[in-house]
Each structure stands twice: as structure tokens, then as C-alpha cells.
Amino acid sequence: MIALVGAQSRLFGRAVLGAREPRLGRAFLSQVASLGGATVPLVTFGMAFFGMVMTTIAWAQARKYTGSLAVVGPAYFELILREFAPLLTALLAASRQAAFVSAELGSMAVNEQLEAMELSAADPVTELVTPRLFASIAVMPLLTIIGAVAASLSAMLTVTFFFHEDGLSFVSPQYVTFGDLACAFTKALAAGAYVPIAAALRGLRARGGAGAVGDAVTVGVVEACMGCLVLDFLIAVFFHSVGA
Amino acid sequence: MRLLGRLTIMVLRAVGAVALVCARTALALRHVSGRELARALTLFGYRSLPLTLGAATMIGATVVLQAGVYATRFGLRLFTGWAAGYALIWEFGPLLLGLIMAARIGARNAAELSLLSVNGQLEGLRGISLDPFRLLVAPRVVAAFLSVGALAAVTFLVAILWEAVAAFFTLHLPLRVFFTSFPDMLRWTDLVGGLTKTIIFGGAIAVISTAVGLRTRGGAQGVGRAAAEAVVACCATIFALDLLLTPLLSRWLS
Amino acid sequence: MNVSLDEVSVVHGAVRALDGVSLQLPLGTQLLVWGAAGGGKTTLLKVIAGLVTPSSGQSRWDGREVATFTRGERRAEQAHLGMIFQSDALFDSRTVLDNVTFPLVRRGVGEREARERALATLERVGLSHAVDKTPETLSGGMRKRVGVARAIVAGPDVLLADDPFAGLDPVTERAVGDLLLEVSRGRTLVIAVPEPPRTLALPRQLELDRGRFAQP
């Protein structure tokens with residue numbers, strides 16, 4: 001466990017230092033497309049469904065206790081912004097991005113391409129991990145915004161058309177504070193930095209044949225998802241303890 | 001229009017592949033080898049236990065942290081137990097456990113099966129007239145079902161315990177108070193609903209990852225791609241199923 | 001560059017891939033290493049190239065121990081080494097030309113000059129017609145030659161070829177063998193193969209068996 005976190009921090013350090021290499025602009029952009037753009041449908045779809053589920057539950061609770069959706073609605077809206085949008089977006093994005101990163105790097109590793117890179121005077125970490133790291137950091141907050149918008153919109157529509165109540169009252173921002181947004185943003189940044197590192201570490205370490213790539217993907221995805229949960233909790237505790 | 005057509009074909013093919021896996025698994029069910037089943041149960045169930053316990057801890061603590069904020073805001077501190085338990089059993093528990101199991105079991109299963117098909121071992125089995133479904137696929141599907149069900153029960157239990165602990169430390173809510181709100185407001189049907197949801201997620205993960213894994217062609221890259229696709233397909237399906245199951249189950253059970 | 005290995009052992013877990021191997025490779029050596037699969041040939045080449053660090057013993061480039069280089073120094077020195085990998089290890093997402101320009105561009109050669117040198121090298125290995133293709137669309141022999149081009153484009157002193165004839169038909173095998181001899185004239189060449197080929201005669205031949213050189 002400690003060894004793993006140590007290896008991840010070292011990889012993170014090397015990847016950050018790799019940003020000094022000037023020729024990575026194009027690789028960065030193509031990673032923004034493949035880590036970000038290609039994840040948008042999954043996040044939109046998943047969070048829209050989740051928004052509907054949340055309203056269904058809120059509706060059940062409202063009928064039981066308060067009698068009106070307008071009372072619990074804003075609380076749920078804050079919950080979506082502060083907690084669900086960052087966490088579920090991160091988990092969805094983590095599973096897709098981590099799977100792709102560890103699969104790609106893992107199959108490069110077992111095909112000796114990393115060693116071919118070393119002999120071509122290129123550092124595989126700079127070449128492969130750095131663009132993915134920065135692309136993911138740049139993209140995760142945007143994905144979180146997309147996820148939050150998708151969840152809120154679908155919640156609003158569900159309330160309006162299925163429960164025939166005022167959808168706008170559900171998404172009222174009366175409880176949303178600056179602290180909520182800062183908390184959500186921090187979570188997104190942390191997940192964005194962690195996911196590619198966890199996945200890349202497993203990919204780079206793959207040795208052997210196709211089986212090694214499969215193992216790298218399995219372990220990489222699990223560690224990325226687990227890391228997101230842990231980071232989410234730690235950040236939640238931090239913001240809770242400073243009272244934001 | 002063309003895009004729509006392509007999408008339809010894609011969906012139809014996916015549904016076809018999933019249906020095929022379901023049907024052939026059902027047919028092979030009577031002949032499942034006990035040894036393979038035990039192996040798959042160890043791999044999917046037992047080996048996932050540490051991950052599940054870790055996840056349950058995180059989920060429980062996070063839910064209380066959030067629920068606590070609202071409980072204090074609405075002056076419902078005494079109901080924290082109920083609110084946290086309800087959210088956990090109905091929504092948080094099944095969904096998060098489903099996503100994590102998609103990563104753990106789905107990726108693993110797809111990777112293993114695709115490895116067998118890439119290496120030509122499935123063809124080899126057919127060559128000596130052994131049915132790969134009976135030998136390899138059916139035990140995995142059954143094992144994934146059983147494992148996820150059992151893991152769900154463990155998760156709920158552990159997560160609720162951690163919720164109580166977290167409530168004690170953050171909200172200074174005595175453990176007794178936390179749990180007294182349980183029997184009043186949570187019914188056993190809630191538990192049945194949450195467990196049913198999770199088990200269905202487990203089945204979907206098993207079937208989808210199997211379908212993706214068996215379709216793979218092409219070396220190390222193919223195996224990686226299959227694992228990645230399986231995770232994405234499982235996650236998307238879990239969210240869709242979640243939407244379908246929540247209203248259905250809550251209507252049936254109330 | 002002169003390479004020397006002194007009592008080098010490499011241990012992967014419980015497997016001893018190399019077991020106390022010593023070897024002198026002064027500039028201009030032409031060496032054929034052969035032996036059954038799992039005998040340590042790939043590991044030997046990777047130790048020479050500085051890609052694998054010995055568990056014990058020393059490998060030296062021009063007398064200096066490789067383990068004492070910093071990461072940057074080692075990468076700079078590796079310019080003197082070129083390796084043709086067993087699995088070709090071509091970069092799938094890049095075209096043939098980009099595969100060959102890559103080592104030059106990463107060593108700070110300007111785009112235009114790198115392109116010219118890469119094109120000249122590709123012509124030398126007989127691939128001028130395939131510069132814009134991607135590696136997946138090439139045949140086994142062509143992929144091998146792209147690997148050769150990428151290994152020699154920076155003009156290395158030491159050329160290492162790991163099982164360069166695997167999966168090639170006899171005609172292509174001879175063509176690749178001749179190409180290796182031609183491009184490495186006056187430099188060091190180390191070829192590792194499962195069994196000595198009839199068509200390729202190198203002055204020195206060594207058998208590597210379970211991590212040790214068999215006594216002749």
C-alpha cells in the first residue's frame with residue numbers, strides 16, 4: 001500500500017517534470033480528445049439517468065415527510081453539485097480513462113515499445129504519461145460541469161413532466177455556497193490528477209504477454225476507482241472540518 | 001439518418017450478443033463443473049472482499065458526512081440514521097458497489113475470456129468437442145451473480161457500521177440513537193430492494209463482460225481494448241438499469 | 001563505443017536470466033549469439049543497450065560503468081546504440097516515416113534534416129514506397145526493415161538485433177541478414193538467434209544456454 005502510493009507519487013513527480021519538454025502540445029491535444037471528448041457521452045448519459053433517480057427518491061421522501069418537493073429539492077440540488085457530480089463523474093471517467101490508459105500503455109510495454117522509446121532518446125514517462133496527466137487534469141473539471149448540468153437538467157425535466165411540479169424550484173440554488181463549488185472543483189482536480197497516474201503506473205509495469213495487459217487493466221481500473229473514493233472522502237473531510 | 005441506422009445496428013448487435021450469452025449460459029447451467037465454479041467464486045467473490053470492505057468504509061463515511069449536513073440544517077439530527085441508511089441501501093450502496101464491481105469483475109472477466117479467445121484456446125476446446133460455454137462461461141456468470149449478492153450484503157452491513165461510527169465522531173450522535181431510528185422507519189422491504197438491485201447489476205456485469213470478452217480479436221491490444229470496453233459498457237448499463245429498477249422495485253415493495 | 005560485461009547476472013524473481021556472463025565487445029566486433037528460447041539472449045542484448053540493469057556484476061560503455069550514469073547521461077550515451085526488437089516494437093500510431101524520424105527529432109535534429117536523413121535511411125532498407133503507411137498494414141519483412149531503419153538512422157556504433165529472422169521466409173531472411181551486415185560495416189553488430197542460420201556467417205559465434213555461455 002505504502003509502496004504503491006510511493007511509486008505513484010514518484011511517477012507523478014516525473015510526469016510533472018516532463019512538462020519541460022516543449023514538443024508535447026499535439027500529444028496533449030490528442031489526449032484531451034481521447035480522454036475528455038470520448039468520455040462525454042458516458043458522463044452525460046450516466047449523470048442524466050442519475051438525476052432522474054435522485055428526483056424519484058426525493059419525491060418519495062417528500063411525500064412521506066414534508067409533503068412538498070420544493071422543500072427537499074434545493075437540498076438535493078446542493079447534494080448533486082457538491083457530492084454526486086464530482087464523485088460519480090470521477091468514477092465514470094475513471095473507469096473509462098483508466099481502462100484505456102492502462103490498456104494502451106500496457107500493450108506498448110509488452111511489445112517492447114517503451115524500450116524502443118528509451119533507445120530513441122525519449123523518456124517514456126515524459127512522452128506518454130505527461131500529456132495524459134495534464135489532459136486529464138484539464139478535462140475532469142469540465143466533465144464534472146457537464147455531469148452536473150446533465151443531472152440537474154434531467155432532474156428538472158423529470159419533476160416537471162412526471163411529477164407535475166415546478167421543476168425550477170428543484171434546482172433552486174438557495175443552499176449552494178462558494179464552499180460547495182470549491183469542494184466540487186477540488187475533488188475534480190484531484191481525481192483528474194490521480195486517475196491517469198494510477199492507470200499509467202500499471203500499464204508501464206506490464207511485462208509478459210496479452211495476459212499481463214489484461215491484469216494491468218483490471219488492477220489499474222480498480223486502483224483508479226478506489227483512489228477516487230478515498231480522495232473524495234479526504235477532501236470532504238477537509239472541507240467539513242474547515243466548515244465550508 | 002445514417003448515424004441513426006449505425007446506432008440501431010450497434011444496439012441490436014449488442015442485445016443479440018447479450019441474449020446469446022444468457023441463453024447459452026442457461027442451457028449449460030445444469031452441467032456447470034463444480035471445480036470451475038469454485039475457482040470463479042474465489043476469484044470474483046473472495047478476492048474482491050478487501051476492495052469491497054475498503055469501498056464500504058469510504059461510502060459509509062461519506063454518506064454520513066453529507067447526510068449529517070442536511071440533518072442538522074433541517075433539525076432532524078435524530079433521523080440521521082434513517083436518512084443515511086435509506087440512501088445507502090437504496091441508492092449509494094448498489095450504485096457504487098455496481099460501478100466498482102464493473103471495474104473489478106467486469107474488466108477481469110473480459111480480460112480473461114478475451115485472452116483465451118485471442119490465444120485460440122476457445123477454438124481448441126471446440127475442436128475437441130467441449131462446449132466452452134459449459135466449461136468456462138456458465139461458471140463465471142453464476143459466480144458473478146452469487147459473489148455480487150454476497151458482497152452487497154457485506155457492504156451494506158459494513159457501510160452502516162461505519163456510518164454509525166462516523167455519525168458518532170462528526171455529529172456526536174450516540175450509537176444507540178443512530179440505530180433506534182432504523183427499525184421505526186426502515187423496513188425489510190428496503191433491504192430486499194437494495195439487494196435485488198445489486199444482484200441484478202452483478203448479473204448484468206457478468207453477461208456483458210462475457211459478451212465483450214468472447215468477441216475479441218487481435219493480440220495484446222485486443223485484450224486491453226476488450227477490458228476497457230467491458231468496463232464502459234457495464235457502467236453505462238448499471239446507470240440505465242438503476243433508473244428502471246428504482247421506481248419498479250419501490251412500487252412493488254411498498 | 002566499446003562495450004564490456006563483467007560477471008553480469010540478471011535475476012527476475014525466481015528466474016536467473018543471466019548467470020555471470022562476461023563479454024568484450026570492442027568497436028567493430030561481429031558477434032552471433034545463439035541458444036534455445038529462455039536462454040537469456042534478449043536479456044543479454046538489453047543489458048548491453050542499458051535497458052536492463054544487472055542484478056550483480058558490471059556493464060561498461062567505454063570503460064565507464066552504466067549503473068553510475070544519471071538518467072539523462074544514459075539516454076545521451078544510448079545514441080551510440082541501436083536495437084532491433086524481437087516484436088519490432090514499432091510505434092503503431094505513427095507512420096513509417098515518423099517512426100524513423102522519431103529518434104532524430106528527440107535528439108534535437110531539426111525537422112527538415114531529420115526528414116531527409118530518415119528518407120535516405122528508408123531508401124537504404126528498400127522502403128521508399130511505404131513511408132506514409134502505418135506499421136499495421138506492413139508485412140513481417142517490411143516491419144523488420146522499418147525496425148532496422150529506426151535502429152540505424154542515428155548512426156549508432158553498436159547495432160543489436162534480437163531474433164531478426166523470426167517469422168521470415170528464407171529469401172527475406174537472407175535479405176535482412178545482408179542488410180544487417182551492410183549497414184553495420186566497421187561497427188559492432190550483435191545478432192541473437194534461436195539457432196545459427198546457414199546463410200549468415202559472423203566471425204564470432206557464442207552459444208548462450210540457461211544464462212551462461214556454453215564452453216566451445
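User: In what order do the 6 strands of the open sheet in chain C come?

Analyst: The order is S6-S7-S8-S3-S9-S10 in chain C, and the pairing is mixed. Strands here are DSSP runs of E with at least two residues, helices are runs of H or I with at least four, and both are numbered from the N terminus; two strands pair if DSSP finds at least two bridges between them.

Before we go on, this is a predicted model, in which local features need pLDDT of at least 70 and side-chain atom pairs count only at pLDDT 80 or more, while totals for chains, interfaces and linings use all residues. Residues are numbered from 1 along each chain as its sequence is written, chains are lettered from A and ligands numbered from 1 in the order in which they are written, and side-chain values use heavy atoms, with hydrogens and water left out.

User: Which strands stand at the edges?

Analyst: Those are S6 (81-84) and S10 (212-213) of chain C; each has a single partner strand, so one side of each is left without a neighbour in the sheet. For S10(C), 2 antiparallel bridges connect it to S9 (residues 204-209), and one pair of bridge partners is Asp209(C) with Arg212(C) in S10(C).

User: And which strands does helix H1 of chain C lie across?

Analyst: Helix H1(C), residues 41-48, lies across S3 (30-34), S6, S7 (158-162), S8 (188-193), S9 and S10, and runs at about 160° to S7(C). Helix H5 of chain C (residues 140-152) lies across S6 and S7, at about 170° to S6(C). Those angles run from 0 to 180 degrees between N-to-C directions, with axes fitted as lines to C-alpha atoms, for helices over the stretch in contact.

User: New topic, how many residues does each side give to the contact of chain B and chain A?

Analyst: Chain B gives 45 residues and chain A gives 49, where contact means heavy atoms within 4.5 Å. About 4,200 Å² is buried between the two chains, 81% of it from carbon and sulfur atoms; buried area is the accessible area (1.4 Å probe) that two parts lose on being put together, summed over both.

User: How many salt bridges there?

Analyst: The rule finds 1 between chain B and chain A, and Arg108(B) meets Asp215(A) in a salt bridge at 2.8 Å, N to O. The term covers a side-chain nitrogen of Lys or Arg within 4 Å of a carboxyl oxygen of Asp or Glu. On the side of chain B that touches chain A, two or more residues each come from helices H3 (49-73), H4 (80-118) and H9 (219-253), and H9(B) has the largest share with 17 residues.

User: What about chain A against chain C, what area do they bury?

Analyst: About 1,900 Å² is buried between chain A and chain C, 51% of it on carbon and sulfur atoms, with 18 residues of chain A in contact with 26 residues of chain C. The count of salt bridges is 6; Asp123(A) forms a salt bridge with Arg75(C), whose closest N and O atoms are 3.8 Å apart.

User: Which helices of chain A supply that side?

Analyst: Helices H5 (113-119) and H6 (124-161) of chain A each supply at least two residues, and H5(A) gives the largest share, 6 residues.

User: Last one, how many bridges join S1 to S2 in chain C?

Analyst: There are 7, joining S1 (residues 3-12) to S2 (residues 15-25) in antiparallel fashion, with Val3(C) opposite Leu25(C). Their hairpin has 2 residues between the strands, and Gly13(C) takes a positive phi near 60° there.
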